[in-house]
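Have the sequence and the 3D view ready as you follow along.

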Amino acid sequence: MSEPSLWTPLRASQLFLRLQLPFLLGVLFFSAAVALTAEVEHTALLIAGAAVTVVASALFLVRGAGWAASAWIVVIPILDIVAVAFARAAMLPYLPTIGLLCLFPFAWIAYRFRWPGLLLVLAGSAFISALPFVVGAAPVSSGLAVLNLVALPLLATGISLGIHLGSVSYQRSQEAVNRSRLEASAALARSRDGELLLRSLLDTVSGAVAFFDADGRPSIANAAAEQWGRRAGLHEPDRGSSARVLAADKATPVPFEQRVVPKALRGETVANQLEWIGEPGDMIALMATSRRILREDGALLGTVVAAYDVTELAEAVEVREQFLATVSHELRTPLTSIMGYTEYVTDELGDRAGELGVERALATISRNTEKLLDRVSQLLSAADKNFDVRLLPIDLVPVLQASFDSLRVIAANSGVELIADLPEELPVDADGPRLAQAVENLLTNAIKFTPALGTVRLGAAVDGTETVITVSDTGVGMSGEEQRRAFDRFYRSRGARDTSVQGIGVGLAIVKQIVDAHCGHVEVRSVPGEGTEFTLRLPSRQL
């Protein structure tokens, strides 16, 4: 730490070295110099001034705790004023400038004792100025002598006042600096506490959270993100471009520019992107989301990437898919065999089936076998990851009309009015059979959940660059939770379960799968008790 300056509280030794010693040397030097070069008339005053200065300086030899900071310290500058008065009175004819030594005690008093000290300065300067006239060293015989009498008190008091005001201003500025320093220290402490809290919170989170600055450099990362970053090679010079990253199917390599971090740093939206990272036998599945952080002026502060280890969930889904596909295939073979032998028995018996009373039983077996085969086909479609479509130029209206006509009888048996509102022509690049399957699933669902005397409507139109297909009904409607989960495989609403509506909950999932394969998207809007509307949006043909 640097040594305290003149205008800070000083120890006794510092006061002596900075104020008293220069004053002592000045008085002794000039007194000796005048005494050696001239015959001083008032030698006693000269010796008295030097003696008082020595006594005042000797007081610094007094030992005691805190006396230099107490009010008793005023004794020393008072003695110095007396010494200056004696020395000036003795040397006025020879060295009148000796009086300038009074600035040492005056400055001391003005700084240390503030406003009361100014009265002491005024009295001391008047004493110094008047003493030569009192002892007869200078006669009061003219206006100039009077001016000389009042000049020193006025000048000394003015200078001391300036010193006092300067010290007050300096002290205030020092107090302001100290307050600022304390506030900065408190802010720094709060910042460190905040950083510690943030670090603790981030490390408590089970997911990985990383912050990249505006230049794309990783700045903050919790323990999980550090581990993920090492596995993905983000800290390597090539930013992990050589790391092995696969898509959600665990088979398709993800190009470097399409991975989570590069996309996020380019400002692209990353929402629940699943990637498999690592080498075969040691891969983990990460579900990542990103968000850019902007300052108030719109400048980029950085990018946050959050990821969760969903390896167990992804592997469980994979096991479920494998189980689903295996069971579906295993069921299809015996069901096909049952249907074939049922038809064989029916053909062999012919008219005798009625005589034997098994005609109705055989028809029931055949009908339920067909239902089971249809369910198995739906399961196989839902489990098919390689869901391919053949996009061909077609007119969509005949496809929609055929799907509509195939469900007329079912709608009529349910007491539901089926209405089609289709244009004369609707050219589109699409897979006709797949779209027919999607529309039939929607119409079937709408009929199931619409009570008698209700209405199901099929519509289609062109909306800008999209071809829009709508299926709406006046049925029971769907709650918010049911709408969010409508396209989840095997999800069946509580209403469907309570009313025993047949189905396995894959119809809407297949609809979404078909629409996604056409690079489109499906929307649902519903109000409980009023009805539901599904909207399929497909890219229109670019003519």
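Q: How many bridges pair β10 and β11, and in which sense?

A: In general, strands of a sheet pair through backbone hydrogen bonds, either parallel or antiparallel. Here β10 and β11 pair over eight bridges in the antiparallel sense. Two strands count as a pair if DSSP finds at least two bridges between them. Strands themselves are DSSP runs (E, at least two residues), helices are runs of H or I with at least four, and both are numbered from the N terminus. As an example of a bridge, Val462 has Thr467 in β11 as its partner. In the hairpin of these strands, which has two residues between them, Gly464 takes a positive phi near 65°.

Q: Before we go on, what kind of model is this?

A: This is a predicted model: local features need pLDDT of at least 70, side-chain atom pairs count only at pLDDT 80 or more, and totals for chains, interfaces and linings use all residues. Residues are numbered from 1 along each chain as its sequence is written, and side-chain values use heavy atoms, with hydrogens and water left out.

Q: Which other strand is joined to β11?

A: Strand β13 (residues 531–539) is joined to β11 by eight bridges, and the two run antiparallel. One of the links is between Ile469 and its bridge partner in β13, Leu536. Strand β11 (residues 466–473) is mostly covered, with six of its eight residues buried. Buried means under 20% relative accessible area, exposed means over 50%, and partly exposed lies in between (1.4 Å probe, protein chains only).

Q: Which residues of helix α6 are buried?

A: First, the general idea. An α-helix has 3.6 residues a turn, so residues three or four places apart point the same way. In α6 (residues 223–232), the buried residues are Ala225, Trp228, Gly229 and Ala232. Seen down the axis of α6, they fall within an arc of 100°, so they line one face of the helix. The arc is that of the directions from the helix axis to the C-beta atoms.

Q: What do the buried residues of α6 pack against?

A: They pack against β1 (208–213), β2 (218–221), α7, β4, β5 (284–294) and β6 (300–309). Contact means heavy atoms within 4.5 Å. Just after α6, Gly233 takes a positive phi of about 75°.

Q: Is Ile510 buried or exposed?

A: Ile510 counts as buried, at 1% relative accessibility, and its place is in helix α16 (residues 507–517). Ile510 and Arg489 are 21 residues apart in sequence, and 8.3 Å apart in space from C-alpha to C-alpha.

Q: Which residues does Ser366 touch?

A: Not counting residues up to four places away in sequence, Ser366 touches Met339 and Thr342. Ser366 lies in helix α10 (residues 359–383) and is buried, at 18% relative accessibility.

Q: How many helices and strands does the chain have?

A: The chain comes to 16 helices and 13 strands. Of its 543 residues, 38% count as buried. Among contacts with a separation of 6 or more, residues 24 or more positions apart account for 63%.
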